[in-house]
Amino acid sequence: MGTPEPVLAGVGNTILVLSGKGGVGKSTAAVQLAATLRAKGHRVGVLDVDLCGPSIPRMLGVEGRDVLTTPEGKWVPVSVDEEERLKVLSVAFFLDSKNDAVIWRGPKKNAMIKQLLTSVVWNVDYLIIDTPPGTSDEHISVMENIRQAPVLGAVLVTTPQMVAVDDVTRELTFCRRTGISILGIIENMSGFVCPTCSECSNILASGGGEQLAEKAKVTFLGRIPIDPTLSRCTEEGLNYIDKFANSPICQIYHSIITKL
Ligand code: ADP
């Protein structure tokens, strides 16, 4: 039997981004955290293990790129910028068409995750792992594999409504059971800031994430409002953090980074 492949070689710190359910802005948050760390001068990677809905390449504007392989058979992540300070690897790069769904059974998913965690040449200070929503086979597989890797912890993303918050409670329990430290909770889509008068209206319920953080005794990282510009940037693969460096959301992400 050969020596096992090292897990996440060339990665300084790993941050997992989790959410209890889909559509709460987990991938958006993963991308903004990565772009903020990069704006602070770090070399950052994003690993998209959301096998059923990999959206990171589109959000970073590198959809459809080819993944190169080293002579040793390792994958080279796709660079988002010329300086190679933001790189990404996603299962989406291995699908024939962007509309192909990954319909794999557990063992094949686990094998793919293991390969994504052991066969990539990263050379980054931070790796952000975007996981699928919930606590599925993929999570267990990620957790089992990253035990020996340098993991900073998990960031949980929720919307303010209680349904999404209940799902996050399950996620918190999952982290505690698997021994992953919880870096904190982001409350996303929390209020809408009027582009004309800058007044923030809580069109959905608000404060659920903050209350949960208090109850669970974890750090409340911040509240991100609904912003059509952020949505447009993620849909069009534009770097919101660099483009709107003075925006309130950009400043909130900078403050989140200091709390990790
Ligand atoms: P998830 O990864 O939880 O499924 P996504 O990150 O894909 O969710 O986000 C779902 C949709 O919501 C995307 O269209 C994204 O652009 C949008 N979105 C996420 N966060 C915000 C926000 N704060 N303001 C506006 N749109 C947002």
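Reader: To begin, how many helices and strands does the secondary structure of the protein come to?

Author: The model, which is a predicted one, has a secondary structure of 9 helices and 11 strands.

Reader: What makes the protein as compact as a globular protein of that length?

Author: Its radius of gyration is 18 Å, and the globule rule gives 18 Å for 260 residues; the two values are close, so the protein counts as being as compact as a globular protein of that length. Taken along the principal axes, the box that its C-alpha atoms fill is roughly 60 × 40 × 35 Å.

Reader: Why is α5 called roughly parallel to α6?

Author: The axes of α5 (residues 162–178) and α6 (residues 208–216) come within 10 Å and cross at roughly 30°. Angles under 35 degrees count as roughly parallel, and therefore α5 is described as roughly parallel to α6. On the α5 side the contact is made by Met-162, Val-165, Val-168, Thr-169 and Leu-172, and on the α6 side by Gly-208, Gly-209, Leu-212 and Ala-216. By class these residues divide into 6 nonpolar, 3 polar and no charged, and the crossing in which α5 passes α6 is right-handed.

Reader: What makes α3 oblique to α4?

Author: Helix α3 (residues 106–118) packs against helix α4 (residues 137–145) at an angle of about 40°, with their axes 9 Å apart. Roughly parallel would require an angle under 35 degrees, and roughly perpendicular one of 65 to 115, so α3 is called oblique to α4. The contact takes Gly-106, Lys-109, Asn-110, Ile-113, Lys-114 and Leu-117 from α3, together with Asp-137, Glu-138, Ser-141, Val-142 and Asn-145 from α4. Here the classes are 3 nonpolar, 4 polar and 4 charged residues, and the crossing of α3 and α4 is right-handed.

Reader: How do you know which residues surround the ligand, and which are the closest?

Author: A residue is taken as near if its C-beta atom, placed from the backbone, lies within 6 Å of the molecule. There are 18 residues around the ligand, the closest being Gly-25, Lys-26, Ser-27, Thr-28 and Ser-231. Two or more residues of this shell are given by each of α1 (26–39), β9 (182–193), β11 (220–226) and α7 (228–236).

Reader: Which element gives the most to that shell, and how do its residues divide by class?

Author: The most comes from α7, with 4 residues, while the shell as a whole has 5 nonpolar, 10 polar and 3 charged residues.

Terms used. Residues numbered from 1 in each chain as written. Predicted model: local features only at pLDDT ≥ 70, side-chain atom pairs only at ≥ 80, totals over all residues. Nonpolar A, V, L, I, M, F, W, Y, C, P; charged D, E, K, R; others polar. Axes fitted to C-alpha atoms, helices over the stretch in contact; angles between N-to-C directions. Parallel < 35°, antiparallel > 145°, perpendicular 65-115°, else oblique. Left-handed = near helix turned anticlockwise from the far one by under 90°. Contact = placed C-beta atoms within 7 Å. Rg over C-alpha atoms; globule rule 2.2 N^0.38 Å.
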